Amino acid sequence: MNELSILDLQNLRHLIGGYDTTHCKMKAYAEQASDPKVKQFFEKSADAALQTKQQLMQFL
């Protein structure tokens, strides 16, 4: 892959930070949920955000 521009790096940093925040919030929501279906929804969302964050970090 070609070198990343400064703008590309800034965009990646922004996206990675957003997915990290989403992951943390979804985990917290899952911990607070009492309904098993709601808890599972937030856990899956947290896992998806973490996976996306990790995929984006591969570009760095």
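Buried residues (under 20% relative accessible area; exposed is over 50%, partly exposed in between; 1.4 Å probe, protein chains only) make up 18% of the 60 residues in the chain. The model is predicted: local features need pLDDT of at least 70, side-chain atom pairs count only at pLDDT 80 or more, and totals for chains, interfaces and linings use all residues. Residues are numbered from 1 along each chain as its sequence is written, and side-chain values use heavy atoms, with hydrogens and water left out.

**View 1. The whole chain.** The chain has 2 helices and 0 strands; helices (H or I, at least four residues) and strands (E, at least two) are DSSP runs, numbered from the N terminus. The radius of gyration is 14 Å, well over the 10 Å that the globule rule gives for 60 residues, so the chain is more spread out than a compact globule. That radius is taken over C-alpha atoms, and the rule is 2.2 Å times the number of residues to the power 0.38. Along its principal axes the C-alpha trace spans about 45 × 15 × 10 Å. Take the contacts (heavy atoms within 4.5 Å) between residues at least 6 apart in sequence: 61% of them join residues at least 24 apart.

**View 2. Helix α2 along its length.** Helix α2 covers residues 36-57, and its 22 residues should span 32 Å at 1.5 Å a residue. The expected span is 1.5 Å times one less than the number of residues. The end C-alpha atoms of α2 are 31 Å apart, which agrees. At the start of α2, a side-chain oxygen of Asp35 comes to within 2.7 Å of the backbone nitrogen of Lys37.

**View 3. The two sides of α2.** Phe42, Ala46, Ala49, Lys53 and Leu56 are the buried residues of α2. Seen down the helix axis, they fall within an arc of 95 degrees, so they line one face of α2. The arc is that of the directions from the helix axis to the C-beta atoms. Part of the cover over these buried residues comes from α1 (6-32). On the other side of α2, Pro36, Lys37, Lys44 and Asp47 are exposed.

**View 4. The Asp20–Lys53 pair.** A search of the whole structure finds 1 salt bridge, defined as a side-chain nitrogen of Lys or Arg within 4 Å of a carboxyl oxygen of Asp or Glu. Asp20 and Lys53 form a salt bridge, with their closest N and O atoms 3.1 Å apart. The pair links distant parts of the chain: Asp20 sits in helix α1 and Lys53 in helix α2, 33 residues apart. Side chains of opposite charge can pair when their charged atoms come close. Lys53 is buried, at 18% relative accessible area. Asp20 is partly exposed, at 30%. Leaving aside neighbours within four places in sequence, Lys53 is in contact with Ile16, Tyr19 and Asp20.

View 5. His23 lies in helix α1. His23 is buried, with a relative accessible area of 13%. Not counting residues up to four places away in sequence, His23 touches Ala46, Ala49 and Leu50. Ala46 and Ala49 are among the buried residues of α2.

**View 6. Phe59 and Leu4.** Phe59 is in the segment after α2. Phe59 is partly exposed, with a relative accessible area of 43%. Phe59 and Leu4 are 55 residues apart along the chain, yet their C-alpha atoms are separated by 8.6 Å.

Definitions and conventions:
Polar contact = N/O pair within 3.5 Å; in protein donor to acceptor, adjacent residues only side chain to side chain.
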